[in-house]
Amino acid sequence: MLSFFLPKYVKQGRQFAKDARKILDYKRDIWEADTVRDFEKEIRTMEAGCNQRDAQQVEEAAKALNAHCVALLPKAEDAAWRENCEVFLVAIVVALAVRTFFLQPFTIPTGSMQPTLNGILGYPTTEEPPNALVRLWDTAIRGRTWINAVAEDDETIRGMEEVSRLFFFTYTRIDTDKGHTYWIHAPLRTLHEKFGLNSIRDFHRGEPIARGYVETGDHVFVDKMSYQFRAPHRGDVFVFNTERLPTNDPGRQHGSNEPNDPADFDLPEVARLADQRKVKFDMSAPSQFYIKRLVGLPGDELRVDPPRLFVNGKPAESRGSERVMSAQNGYEGYVNGRSDFLLRIMRTPDDPYTVPPKHYMAMGDNSNNSSDSRDWGPVPQQNIMGRGLFVYWPFGPHWGFIH
């Protein structure tokens, strides 16, 4: 007979007997022989009651088995806490597995991909911040942090230091000659570039040191799986690390990494120019993650004739590059590489560059303010982390899939 048509007490009794036999198998080698015999007897009684459809016998056997279990099995202390901890640990393991193999969150730190993706942006204002409810809404939805640091005395800034808290929050500490300390929830570079703060500026009592708001960079999910099954495509927005890349950048806004040993980099030209200019490379420099648009595949010949980028003699055809070359809606087009950097790739419209094997050319959509492959060469294949997939926060115009 199908179990669906069996009485409820029969199905429950058979399940009870099945679970009891599992317990007996686990404990048989440590229980006394008499205990094992009595436990088996109650199980057989339960099974006999189920076969004979005797509800009273099943109920009595269940009570007897339950009494045995209470007497013989140790009581689970803090069972609820243990269960919650198990769920929490499983959730952590799953999250780490997803982050390692599938999707990893990444924050856009600079403006090199604007207006496609926003970095950290600062906006000075003359008005004081709005009420707490509006500020809370701005933070949750727009990723906007309001700042309002006002001088407590006639004083001069004597020192500024960027400090990270809890690995996620970045503050700038400002010390003055009158012994006052101001904490501003914004990176030091943003205060320098957007709010005009430096270590020698004077303020009068009641004068704003920094007033306005800072919008966090776009937070994106990086797809780490796609490139395991297919090669990167032209036009992809991709993330890579700067290991083995000479990304020293004395003149640009975003470059902060010291270059690595040119002998470890695959382009002989880097080592030759470094030796010629007597440039010292620091192998201890930490690797960073950059996000750019992939504009050239291995073997491609690239050339920049502002505002256009040419790939193998034709204007770049990817949708992202076409937006950049349109020089509209915030895009300014592509520009040539600087003449004062080590590699000086594509420094004139008549200066083509061929991407070497197993390397990819990376350029920011904000070409005028991007330190990219024009400065430090193509990205080795092993440096690629994944494809920029989705902006998950803040909930602004960039929210959604990245193109």
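Thr156 counts as buried, at 11% relative accessibility. Buried means under 20% relative accessible area, exposed over 50%, and partly exposed in between (1.4 Å probe, protein chains only). The model is predicted: local features need pLDDT of at least 70, side-chain atom pairs count only at pLDDT 80 or more, and totals for chains, interfaces and linings use all residues. Residues are numbered from 1 along each chain as its sequence is written, and side-chain values use heavy atoms, with hydrogens and water left out.

Thr156 sits in strand β4 (residues 155-165). Helices (H or I, at least four residues) and strands (E, at least two) are DSSP runs, numbered from the N terminus. Leaving aside residues up to four places away in sequence, Thr156 touches Asp175, Thr176, Asp177, Ile200, Arg201 and Asp202. Contact here means heavy atoms within 4.5 Å.

Asp372 is also a buried residue, at 0% relative accessibility. Its place is the loop between β16 (359-363) and α10 (373-376).

Val98 belongs to helix α4 (residues 79-101). At 34% relative accessibility, Val98 counts as partly exposed.

Two side-chain pairs make polar contacts. A polar contact is a pair of N or O atoms within 3.5 Å; within protein, one must be able to donate a hydrogen and the other to accept it, and residues adjacent in sequence count only if both atoms are side-chain atoms.

| Side chains | Polar contact |
|---|---|
| Thr156 and Asp202 | 2.3 Å |
| Asp372 and Arg374 | 2.8 Å |
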